[in-house]
Amino acid sequence: MDSCVTPLRHGSLSLVQTTDFFYPLVEDPYMMGRIACANVLSDLYAMGITECDNMLMLLSVSQRMSDKEREKVMPLMMRGFRDAAEEGGTSVTGGQTVLNPWIIIGGVATVVCQPSEFIMPDSAVPGDVLVLTKPLGTQVAVNAHQWMDIPEKWNKIKLVVSKEDVKLAYQEAMYNMAMLNRTAAGLMHTFNAHAATDITGFGILGHAQNLAQQQRCDVAFVIHNLPIIAKMAAISKACGSMFGLVQGSSAETSGGLLVCLPREQAARFCAEIKSPKYGEGHQAWIIGIVEKGNRSARIIDKPRIIEVTPRGAGAGGQEGTPTTTPSPEALA
């Protein structure tokens with residue numbers, strides 16, 4: 001599971017906790033702090049938990065930084081982390097800071113809740129539909145952005161993408177990584193989700209396989225559609241086996257929720273999450289189905305690539321091309 005659930009001695013309450021940390025992957029310290037916090041909270045959101053009682057911040061300050069660099073960078077990272085926590089309705093009350101050769105940021109999220117407040121990720125049944133709430137391709141976008149200043153690496157991809165494309169994809173990736181999955185977590189209850197996980201370091205296929213293995217029923221997940229930040233699939237292909245984005249093995253950071261929903265609820269979930277009442281930027285796509293099987297997951301040989309247009313790219317459907325979410329019937 002994405003979080004540990006510990007039944008408490010008092011009443012029917014459970015303690016739910018999770019922790020995560022990683023190295024910086026974007027240039028903006030403030031955004032890096034927001035991404036780190038969103039990534040920690042996402043483990044709670046993957047279980048349908050929308051409230052967090054407390055957060056701790058884990059911070060490693062690099063010994064290689066000058067005093068001036070530390071004084072400028074670290075407070076921005078900490079502020080980004082705290083601001084994201086406040087957006088999630090919680091606060092950072094403590095943590096641990098150490099000196100280290102590398103910068104590391106992460107945290108711990110804790111909540112005490114009733115059984116009705118979380119959804120155990122083990123109840124998918126044949127006929128369910130798989131929904132994803134953020135596009136894939138964050139690792140590819142971040143790496144391509146770094147490569148713009150490294151000629152030998154940029155030369156590998158310059159025939160399939162422009163620097164403007166990469167800049168837009170990087171901004172889109174950063175925006176998505178910093179976005180909380182809290183709205184999706186709440187809608188999991190509204191639309192009777194049967195199971196979910198968040199997509200991070202193991203890629204879409206790795207996390208789908210992990211989730212499939214936890215199910216009580218004999219099911220298999222089949223992924224037909226891959227929503228990917230525009231041009232990132234082309235970059236991945238140009239780089240050979242480095243990323244494996246279309247194969248589902250490319251790592252993501254603070255990715256979306258992969259949710260198993262009843263067939264009749266999936267399209268409604270996708271429509272509802274885009275409602276203006278939840279703010280801008282929320283997305284969702286039907287990407288596959290749950291069928292009878294041996295608790296496994298796979299991507300079909302030629303998945304449909306949905307190119308998700310970055311927000312800064314001007315006119316165009318934010319949901320990507322094609323601009324309509326496939327119906328469950330189209331995947332059956």
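This section describes the strand pairing, salt bridges and pockets of a predicted model.

The structure is a predicted model, in which local features require pLDDT of at least 70 and side-chain atom pairs count only at pLDDT 80 or more, while totals for chains, interfaces and linings use all residues. Residues are numbered from 1 along each chain as its sequence is written, and side-chain values use heavy atoms, with hydrogens and water left out.

Secondary structure elements are DSSP runs numbered from the N terminus, with helices (H or I) of at least four residues and strands (E) of at least two. Two strands are taken to pair if DSSP finds at least two bridges between them.

Strands β8 and β11 run parallel and are joined by nine bridges. Phe221 stands opposite Ala297 in β11.

A search of the whole structure finds seven salt bridges, a salt bridge being a side-chain nitrogen of Lys or Arg within 4 Å of a carboxyl oxygen of Asp or Glu. One of them joins the side chains of Arg34 and Glu87, at 2.2 Å from N to O. This pair links distant parts of the chain, with Arg34 in helix α1 (residues 29-45) and Glu87 in helix α2 (residues 67-87), 53 residues apart. In terms of relative accessible area (buried under 20%, exposed over 50%, partly exposed in between; 1.4 Å probe, protein chains only), Arg34 is buried at 13%, whereas Glu87 is partly exposed at 43%.

Another salt bridge is formed by the side chains of Asp122 and Arg216, with an N to O distance of 3.8 Å. Asp122 lies in the loop between β5 (104-113) and β6 (129-132) and Arg216 in the loop between α7 (203-213) and β8 (219-229), so the pair ties together parts that are 94 residues apart in sequence. Asp122 is buried, with a relative accessible area of 19%, and Arg216 is exposed, with 60%.

Asp218 forms a salt bridge with Arg295, the closest N and O atoms being 2.8 Å apart. Asp218 lies in the loop between α7 and β8 and Arg295 in the loop between β10 (285-292) and β11 (296-308), so this contact ties together parts that are 77 residues apart in sequence. Asp218 is partly exposed at 38% relative accessible area, and Arg295 is partly exposed at 28%.

The largest pocket has a volume of about 370 Å³, a volume being the space filled by probe spheres set on grid points joined across faces, edges and corners. Its lining comprises 21 residues, of which Phe22, Gly201, Ala251, Glu252 and Thr253 lie nearest the centre of the pocket. Strand β2 (14-22), α1 and α3 (138-147) each supply at least two lining residues, and α3 gives the largest share, five residues. The lining of the largest pocket divides into eight nonpolar, nine polar and four charged residues, where Ala, Val, Leu, Ile, Met, Phe, Trp, Tyr, Cys and Pro count as nonpolar, Asp, Glu, Lys and Arg as charged, and the others, Gly among them, as polar.

The second largest pocket has a volume of about 240 Å³. It is lined by 13 residues, of which Glu87, Ala178, Met179, Leu180 and His282 lie nearest its centre.

How values were computed
On a 1 Å grid over the protein atoms alone, a cavity is a set of points where a 1.4 Å probe fits but cannot get out, and a pocket is an open set with protein on both sides within 12 Å along at least five of seven lines; lining residues have an atom within 4 Å of a point.
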